[in-house]
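I set aside some time today to look through this model and jot down what I found. Here are my notes, in the order I took them.

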Amino acid sequence: MKDVQIDIRINSVTYDELSAKEQQLINAAKDATKNSYAPYSHFSVGAAALLDNDVIVTGSNQENAAYPSGICAERTTLFYANSQYPDSAVRALAVAAWTEGDFLETPIPPCGACRQVLLETEKRFGTTMRILLFGKKEIYVMEGVKNLLPLSFTTEYLAK
Ligand code: THU
């Protein structure tokens with residue numbers, strides 16, 4: 001037996017250590033939590049995508065009485081961005097979450113389904129995405145979805 005170890009890299013930064021553009025993206029994600037529709041979980045998530053045409057697209061989680069019909073902030077944002085600007089790669093994605101009257105202390109980790117969609121977004125444009133996960137105590141920054149979803153399933157496995 002041998003161990004297989006896959007390393008991921010996450011930088012923990014403070015707001016002040018981010019570039020002005022990244023601060024703007026974090027603020028847009030925080031703002032987007034206000035448009036969340038989360039009457040069931042009371043957990044409001046906002047996301048903001050910076051496209052390579054310099055447009056910032058935002059989105060939030062939208063829930064449904066039939067729970068699985070709802071969708072997370074990350075997928076709302078990426079699907080909207082790709083619907084409106086199908087030729088613009090996503091350079092960066094920021095995520096923030098608000099619950100019980102405040103933003104989360106710790107960085108908000110995207111769910112598994114969203115990680116898979118983030119990966120596809122990178123693949124379709126052949127680029128890597130900078131990911132910024134907001135927490136009041138620290139912000140996690142990753143370069144590329146491989147740091148969020150190691151050992152990922154991609155289209156290469158489907159190739160004959
Ligand atoms: N949610 C997101 O929108 N993004 C995440 O990264 C984690 C979870 C949503 C889904 C659901 O509306 C609520 O948060 C509670 O799970």
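I began with strand 2, which is mostly covered, as eight of its nine residues are buried. A reminder to myself before going further: this is a predicted model.

Next I looked up the partners of strand 2. With strand 4 (residues 90-99), strand 2 pairs in the antiparallel sense, and I found nine bridges there. I checked one of them: phenylalanine 43 has threonine 99 of strand 4 as its bridge partner.

Strand 3 (residues 56-60) also pairs with strand 2 in the antiparallel sense, over five bridges. Here I noted alanine 47, which stands opposite glycine 59 of strand 3. Strand 2 and strand 3 form a hairpin with four residues between the strands, and in it aspartate 54 takes a positive phi near 75 degrees.

A general point I keep handy for reading strands: in a regular strand, side chains alternate between the two faces of the sheet.

Then I turned to helix 1 (residues 20-32) and asked myself what span its 13 residues should have.

Which residues of helix 1 are buried? I listed Glu22, Gln23, Leu25, Ile26, Ala28, Ala29 and Ala32. An α-helix has 3.6 residues a turn, so residues three or four places apart point the same way. What covers the buried residues of helix 1 includes strand 2, strand 3 and strand 4, along with strand 6 (130-133) and strand 7 (139-143).

The largest pocket holds about 260 Å³ of space. It is lined by 18 residues, and the closest to its centre are Val45, Asn61, Glu63, Ile71 and Cys72. By type, the lining of the largest pocket divides into 11 nonpolar, five polar and two charged residues.

The second largest pocket has a volume of about 150 Å³. Of its 15 lining residues, I wrote down the closest to the centre: Leu119, Val145, Lys146, Leu149 and Ser152. Helix 3 (residues 112-125) gives the most to this lining, with three residues. The lining of the second largest pocket divides into six nonpolar, four polar and five charged residues.

Terms used
Residues numbered from 1 in each chain as written. Predicted model: local features only at pLDDT ≥ 70, side-chain atom pairs only at ≥ 80, totals over all residues. Heavy atoms only, no water. 1 Å grid on protein atoms, 1.4 Å probe; cavity = no way out; pocket = protein on both sides within 12 Å on 5 of 7 lines; lining within 4 Å. Points joined across faces, edges and corners; volume = space filled by probe spheres on them. Nonpolar A, V, L, I, M, F, W, Y, C, P; charged D, E, K, R; others polar. Helix = DSSP H or I, 4+ residues; strand = E, 2+ residues; numbered from the N terminus. Buried < 20%, exposed > 50% of the residue type's maximum accessible area, 1.4 Å probe, protein only. Pairing = 2+ DSSP bridges. Expected span 1.5 Å × (residues − 1). Contact = heavy atoms within 4.5 Å.
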